[in-house]
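Hi,

Here is the structure I promised to pass on. Have a look at it first, and then read my notes below.

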Amino acid sequence: MKNSPISARIIGLGAYTPAKVLTNADFEKMVDTSDEWIMSRTGIKRRHVVGDSGEAASDLAIAAARDAIAAAHISPEEIDLILIGTVTGDMKTPSTAVIVQKALGAMNAAAMDINAACVGFLYGLTTAKAFIESGMYKTVLVVGVEVLTSITNYQDRTTCVLFGDGAGAAILRREDTANTGILSAYIAADGSHTQLLYVTAGGSRQKVTVENMNNGSTGIYMNGSEIYKFAVRNMEDAAKRVIADAGIKPEDIDLVIPHQANIRIIDSLAKRLHVPDEKLFVNIQEYGNTSSASIGIAMVEAQQQGRMKKGDLVLLLSFGGGLVWGAILFRM
Ligand code: UT7
């Protein structure tokens, strides 16, 4: 149980997804796949994508952040730190975080990106908690944003049907009360599995060449079935750690929001953790896998649907390429 008299509390949430939608029927025209395969293996029906709208990661992040700032009833100048979880930022440099800082007018904030694949949002929340509890900062904006379609190989049916674009944002604020806000956070990594999910070209190891673009090396490669096995086991372990650390009973949790990557992963996890359907949040059918954006988008929808209310105990769980994984338990 946390004894610190300082808590990091989530005081505002926001989300944004692009208007254009790709359905399973659209993919049937693009690759050798079927609505039946996609639905039964993943649970995905639709995904929101930037398409040719010209939107980049910062545009999505700014829209989500503005909603979170409005919901938190703060002004952008009050933000001390901006953390953006993304692997698909606008540019290699500068960070997407500084582009967002300028657009929001959050000129008193330090700003940086976090690359932790699908767990970027939880890595961000955990970093925010640490900065707040150390006493260094009072108000932190955390965003998970991806334009995964910018690194998707639309000739690879094993990955292209999975991904969508979007952003989720949260404002965290210091509260001088023990045992509220984020009660426990756990983030982890195991770099011995880098070969399970990567983008070969576009970094300093292999530059972008015409050949790399033509052979798909600038798109995501993923060994889905191997990641699947780690995902369930590692999220279960992370959940048990934060529950034990916070000293709560598992049955006291009001809502579990897992990373939306695959309905079968979510169902196996829920079974292992004995989470009933009414305490499990799922929206993968509408958005597909939006990587670091998925949990923030789900939190906003859970709140809108009255499934995440003030005082509720909420468990967030995620995993992704790296491998990385983590869990956060908080009081809303
Ligand atoms: O967000 C974190 C990042 N990672 C993940 O979320 C990945 C987690 N893993 C998964 O979600 C699943 O492993 C997938 C959905 C990616 C794949 O499901 P699976 O049940 O593990 O399928 P599989 O990879 O074992 O493939 C089974 C078969 C293969 O055919 P053969 O070799 O059995 O003939 C694939 O070629 O399904 C085939 N297949 C497809 N068929 C139709 C793969 N993709 C498709 C497709 N349409 N889109």
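Ser291 sits in the loop between H10 and helix H11 (294-304). Keep in mind that this is a predicted model. Ser291 has a positive phi of about 55 degrees, although it is not a glycine. Its relative accessible area is 4%, so Ser291 is buried, the cut-off being under 20%.

His274 also has a positive phi of about 55 degrees without being a glycine. You'll find His274 in the loop between H9 and helix H10 (284-287). His274 has a relative accessible area of 69% and is exposed.

While you're looking at the backbone, there are cis peptide bonds to check too. One joins Thr93 and Pro94, with omega at about 5 degrees. Pro94 belongs to the loop between strand S4 (81-85) and helix H4 (96-104). Another cis bond runs from Gly322 to Leu323, with omega near -5 degrees. Leu323 is in the loop between strand S12 (313-320) and strand S13 (324-331).

Now for the ligand. Which residues come nearest to it? Out of 23 residues around the ligand, those are Thr33, Arg41, Asn262, Arg264 and Asn289.

- Arg41 has a polar side-chain atom 2.8 Å from an oxygen atom of the ligand.
- His259 places a side-chain N or O atom 2.9 Å from an oxygen atom of the ligand.
- Gly224 uses its backbone instead, with an N or O atom 3.0 Å from a nitrogen atom of the ligand.

On its own the ligand has 950 Å² of accessible area, and the protein covers 73% of that. Helix H2 (35-42), helix H6 (157-160), helix H8 (224-246) and helix H9 (263-272) are the elements that give two or more residues to the shell around the ligand. H8 supplies the largest share, 4 residues. Sorted by class, the shell has 11 nonpolar, 8 polar and 4 charged residues. Both domain 1 (7-177) and domain 2 (182-195 + 223-331) contribute to the shell, with at least three residues from each.

Next, the aromatic rings. The count comes to 3 aromatic pairs. In one of them, the ring centres of Phe27 and Tyr154 are 6.3 Å apart and the planes are at 20 degrees, so the pair is stacked; the cut-off for that is under 30 degrees. This pair links distant parts of the chain: Phe27 is in helix H1 (residues 24-30) and Tyr154 is in the loop between strand S6 (139-147) and H6, 127 residues apart. Phe27 is buried at 0% relative accessibility, whereas Tyr154 is partly exposed at 26%.

Tyr198 and Tyr221 make another pair, with ring centres 5.0 Å apart and planes at 35 degrees, so this one counts as tilted. Tyr198 lies in strand S9 (residues 197-199) and Tyr221 in strand S10 (residues 220-222), so the pair ties together parts that are 23 residues apart in sequence. Tyr198 is partly exposed at 34% relative accessibility, and Tyr221 is partly exposed at 35%.

One last thing, on Met136. Met136 is in the loop between helix H5 (120-133) and S6, and counts as exposed at 53% relative accessibility. The C-alpha atoms of Met136 and Asn212 are separated by 44 Å, and these residues are 76 apart along the chain.

Cheers

Technical notes. Residues are numbered from 1 along each chain as its sequence is written. This is a predicted model: local features need pLDDT of at least 70, side-chain atom pairs count only at pLDDT 80 or more; totals for chains, interfaces and linings use all residues. Side-chain values use heavy atoms; hydrogens and water are left out. A residue is near a molecule or strand if one of its heavy atoms lies within 4 Å of it. A polar contact is a pair of N or O atoms within 3.5 Å; within protein, one must be able to donate a hydrogen and the other to accept it, and residues adjacent in sequence count only if both atoms are side-chain atoms. Accessible areas come from the Shrake-Rupley method with a 1.4 Å probe; for residues, only the protein chains shown count as cover. Ala, Val, Leu, Ile, Met, Phe, Trp, Tyr, Cys and Pro count as nonpolar, Asp, Glu, Lys and Arg as charged, and the others, Gly among them, as polar. Domain bounds come from an automatic or database domain assignment. Rings of Phe, Tyr and Trp (its six-membered ring) pair if their centres lie within 6.5 Å; planes under 30 degrees apart count as stacked, over 60 as edge-to-face and the rest as tilted. Buried means under 20% relative accessible area, exposed over 50%, partly exposed in between (1.4 Å probe, protein chains only).
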